[in-house]
Amino acid sequence: MSSSEMKIVTVIGSGLIGRSWAMVFVSGGFRVKLYDNQPGHAAKAIAEMRKQLEELEDAHMLRGELTAMQQLALLSSHDDLSQALEGSFFVQECVFEQLEVKQCVFQDVEQLVGTDVILSSSTSCLVPSSVFSKVQNKSRCLVSHPVNPPYYVKLVELVPHPETAGAVIDTTHAIMTKVGQAPIRLKKEIDGFALNRVQAAIIAESWRLVQDGIISVKDIDLVMSEGLGMRYAFIGPMETMHLNAPKGPASGGVHS
């Protein structure tokens, strides 16, 4: 048994993101305790995951080195929060995007875990200073924002609270890397994080070009799907500029 199989991750919330995170973590060999405050929901979620994992295995798309049955054996469902948190070293919260609910969840969790347990939120839009405002020990808190669906899109944005310890970011980065995700580190919190801000800029300019009668809706989509998207699936904008103009943007690196 690997060292990761001996470690327990608690996933709070058994919706789409919670189920996806659970599948990601077990693919890396971690034991996962899935909790939902609605009785029976976590158990139903695991039944759904069983079907998904078996289908992925049949299609040769299952992540990790373990079989579907081996991964399923690492999953357990819980309706009691204290039982779900027992023995856990990492908590991934996946409840719906309502600030007060997330704050209450982390208040409850903090009372039930040791001081060295990492508290991570999946929020896509709430900054850590808001999410963890009612937590006493904020040094072990951060946002680990996945891209939906996390099982297929590997990017994870690690966003620190102003008080987050560097070791917490490092440990979380290592965990995400071990389970096959592609973590990136934000140096400080900002509304929208990185991915959504870049996405918003693209959407805003695309809409502007359509609105001003420059291009059709169909063709602006082709700009991305048959143009920039093909390139950016392999390299990012900064690397593109570097390859086009090693001496810097002034030498023409922003051209296609």
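Helices here are DSSP runs of at least four residues, numbered from the N terminus. By that numbering, His 60 sits in the loop between H2 and helix H3 (68-72). The model is predicted. This briefing covers a charged surface patch and some backbone features.

**Negative patch**
- Glu 48, Glu 54, Glu 55, Glu 57 and Asp 58 form a negative surface patch.
- One of these residues, Glu 55, belongs to helix H2, which spans residues 41-58.
- Glu 55 has 45% relative accessibility, so the residue counts as partly exposed.

**Positive phi angles**
- Most residues other than glycine have a negative phi.
- His 60 has a positive phi, near 60°, and is not glycine.
- His 60 is exposed, because its relative accessible area is 75% and the cut-off for exposed is over 50%.
- Phe 193 also has a positive phi, near 55°, and is likewise a residue other than glycine.
- Phe 193 lies in the loop that runs between strand E8 (182-185) and helix H8 (195-211).
- Phe 193 is buried, because its relative accessible area is 1% and buried means under 20%.

**Cis peptide bond**
- Most peptide bonds are trans.
- The bond from Asn 148 to Pro 149 is cis, and its omega is near -5°.
- Pro 149 is placed in the loop between strand E6 (141-146) and strand E7 (155-160).

Notes:
Residues numbered from 1 in each chain as written. Predicted model: local features only at pLDDT ≥ 70, side-chain atom pairs only at ≥ 80, totals over all residues. Heavy atoms only, no water. Patch = residues over 30% accessible without salt bridge, like charges linked within 9 Å, V, L, I, M, F, W, Y side chains within 5 Å. Areas by Shrake-Rupley, 256 points an atom, 1.4 Å probe, with all protein chains shown as cover. Salt bridge = Lys/Arg side-chain N within 4 Å of Asp/Glu carboxyl O. Lys, Arg positive; Asp, Glu negative; His and termini not counted. Charge placed at Lys NZ, Arg CZ, Asp CG, Glu CD. Helix = DSSP H or I, 4+ residues; strand = E, 2+ residues; numbered from the N terminus. Buried < 20%, exposed > 50% of the residue type's maximum accessible area, 1.4 Å probe, protein only.
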